[in-house]
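Reader: Hello! I am new to this structure and would like to go through it step by step. Could you show it to me?

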Amino acid sequence: MEKFTTLTAIAAPLLRINIDTDAIIPSREMKRVSRDGLSEGLFAGWRYQSPGSREENPDFILNREPYRRARILLSGINFGCGSSREHAVWALHEWGIRAVIAPSFGAIFQGNCVRNGVVPVALDNALVESLAQQVEADPENNQVTVDLVQCLVIAPDRNQHGFSVPKADREMLLEGLDSIAVTLKRDAAILAFRERDRVRRPWIYLPTNL
Amino acid sequence: MGRTIIDKLWDEHTVADLGDDLSLLFIDRIFLHERTGSVALKGLEAAGRKVRNPEQVFCTMDHIVDTTPGRSDDTRMPGGREFITSTRASARAAGITLFDLGDDRQGIVHVVSPEQGIALPGVTLVCPDSHTCTLGGLGALAWGIGSTEGEHALATKTLAVRKPQRMRIRFEGQLAPRVYAKDLILHLISRFGASGGAGYAIEFAGSAIRALPVEARLTLCNMAVEFGAWTGIVAPDDLTFEYVRGRPFAPRPDQWDQALAHWRTLPSDPDAQFDRELEVDCSQLAPQITWGTSPQHGGSIDGLVPDPAAETDANRRQSAERALHYMGLTPGTRLAGLPIGAAFIGSCTNSRLSDLREAATVLRGRHVATGVRAICVPGSSLVKKAAEAEGLDQVFRDAGFEWRESGCSMCFYAGGESFGLEERVVTSTNRNFENRQGPRTRSHLASPATVAASAIAGALADVRKLPPA
């Protein structure tokens, strides 16, 4: 997985609440059994003029300069709620987004982010709105920094805002770890648990498939 | 100090404490479907990893399968066939149990899982599908994950999970006739918001919950994720145990007493401490309907489209304004009486036999209004068979409903079938998001009985005020 340490980039304010993963990547845009090729469908319902078309809606923020080059997204509460589809994160990542700053996130989406090199940064709504105002004044120059090493967001006005990321999530992002390999370091404990549990709850253990 | 049911299941499944509130939890059972499971299985294959204990892993075809009679691997969605064939090949290679097209056990994952006794009280169960929380209705600790986490669970039989806060919501009072679990959960979400449960695992308790049949508890827990919760759960009781007994993957007769004794220890201790407690009086609750594009945009069927101007929070006001614009609604309009173009009964929320029976009590001797397209999609092939055995299919057909094969069908638009542009649809599903059921489709969430009553009226309708058949 791609590592994330620190990023200073153009931030795009999309300050709506409850943006769901159906909006981030509509089901109709998940066309193949693949993690790739999803960026074209990112926010398709808002980004294009009409359903199924690829004619850009010039009003949508990610279609406007310099936001077309945004690497950070600013949004409202409960960003990424709804469907578990990891395709939402894959689409954001492929499009270029590496961090989302919002007051809160859908739980599954948040977990999917840290497994794909995208940092979910939770900041108070007032701070997100303040960042958005500063960015909108001069989006090209008023860039936002997400520093995962120090767990700080640095606003265009140079004010620093701490954020908290669970330790394991931070390590996974900083080191680009393969979480399966990390867990399998404890494989002896897992197998021992299974053997104890098999005695305690035998009904859980189904006959082996042929 | 006593423990909640969530604490008990957490402790019982903890392989290792990883610090920082993170636990390595043992995962008893895993379910996959062709939409998100296929990519997880492929990822695992690409990494050269194997499924650990494939006998505990199940897979069904539900999300994009064609639900019209005489179906094949071809889908309405362009390119959907690849999802089906890829899933089938991967499932066979991995040695997991597949409920394929043509198998009676095929159906919507969260309908099949309880039906087959795969979800049980006290198990940990995950699926790369957000509505996995449905299975909390049986007293399982079940939650939705992404595909990458799915690979992790498949390869290691564990997941590293941050322990959520614990909330208990007591629903007290007796539900009025024609008010259902769906109305309870829609009411809860409209009152406390679509992120009202964020950060919590929620035990649903209280007299109204104890009185709910098991299938209704599944409906209730299904929408815990729509409340922002990590999951929902109902403590298992005698109703649960009766429901589970004898199902194909449930404990064998010689294991039953041991399992039962264990399950009886799971309910929260009387002195268990929750991080948050809410109580909801449901004795006066009316059938619910949503009017917007988030499950939190809802209210009573006898109410009015609200005025966003009355919303004090600026973000919620803007969200409501956007929603009304999308839905083509004006503040102050009566919800009952809004003309509809279509009605849909199905989905992991409300497609079980009890749901179809309730809808049938409304439809019997009546007919859907002229110009309304009405569709019923049973939740599993076995639900469909059982419904046909008691003649429900005929009730639906006589009333003018299409009677389909099982699958997720038109709960969401995958690029194939959809409702019309700006068409108003009343639906027994769980999500009224923008474009969810079709480009610019306007979805109103409700119980199957309300959907049926609305189909007959040709407009959103109060099922308590049905005209005589």
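This is a predicted model: local features need pLDDT of at least 70, side-chain atom pairs count only at pLDDT 80 or more; totals for chains, interfaces and linings use all residues.

Reader: Thanks! Which hand does the crossing of α12(B) and α15(B) have?

Author: Let us start with the geometry: helix α12 (residues 353–363) of chain B and helix α15 (residues 448–457) of chain B have axes 8 Å apart and pack at an angle of about 30°. Angles under 35 degrees count as roughly parallel, so α12(B) is roughly parallel to α15(B). As for the hand, the crossing of α12(B) and α15(B) is right-handed.

Reader: How many nonpolar residues does the contact of α12(B) with α15(B) have?

Author: From α12(B) come Asp355(B), Glu358(B), Ala359(B), Val362(B) and Leu363(B), while α15(B) brings Pro448(B), Ala449(B), Val451(B), Ala452(B) and Ala453(B). Sorted by class, this contact of α12(B) with α15(B) has 2 charged residues, no polar ones, and a nonpolar count of 8.

Reader: Is α6(B) roughly parallel or roughly antiparallel to α8(B)?

Author: Helix α6 (residues 181–192) of chain B and helix α8 (residues 214–222) of chain B cross at roughly 20°, and their axes come within 8 Å. The crossing of α6(B) and α8(B) is right-handed. With the cut-off for roughly parallel at under 35 degrees, α6(B) and α8(B) are therefore roughly parallel.

Reader: Stepping back to the domains, which element gives the most to the side of domain 1 of chain B that touches domain 2 of chain B?

Author: Chain B is divided into domain 1 (5–164 + 248–260), domain 2 (165–236 + 268–281) and domain 3 (288–465). Here 19 residues of domain 1 of chain B are in contact with 22 residues of domain 2 of chain B. On the domain 1 side, α1 (5–13), α4 (109–115) and β7 (141–144) of chain B give two or more residues. The most, 4 residues, comes from β7(B).

Reader: And where does the largest share of the side of chain B that touches chain A come from?

Author: The contact takes 51 residues from chain A and 66 residues from chain B. Among the elements of chain B giving two or more residues to it are β1 (14–19), α3 (80–94), α5 (147–156) and α11 (314–327). By class, the chain B side has 25 nonpolar, 25 polar and 16 charged residues. Its largest share, 7 residues, comes from α5(B).

How values were computed:
Residues are numbered from 1 along each chain as its sequence is written. Chains are lettered from A and ligands numbered from 1 in the order in which they are written. Two residues are in contact if their C-beta atoms, placed from the backbone, lie within 7 Å. Ala, Val, Leu, Ile, Met, Phe, Trp, Tyr, Cys and Pro count as nonpolar, Asp, Glu, Lys and Arg as charged, and the others, Gly among them, as polar. Axes are lines fitted to C-alpha atoms, for helices over the stretch in contact, and angles run from 0 to 180 degrees between N-to-C directions. Angles under 35 degrees count as roughly parallel, over 145 as roughly antiparallel, 65 to 115 as roughly perpendicular and the rest as oblique. A crossing is left-handed if the near helix is turned anticlockwise from the far one by less than a right angle, and right-handed if clockwise. Domain bounds come from an automatic or database domain assignment.
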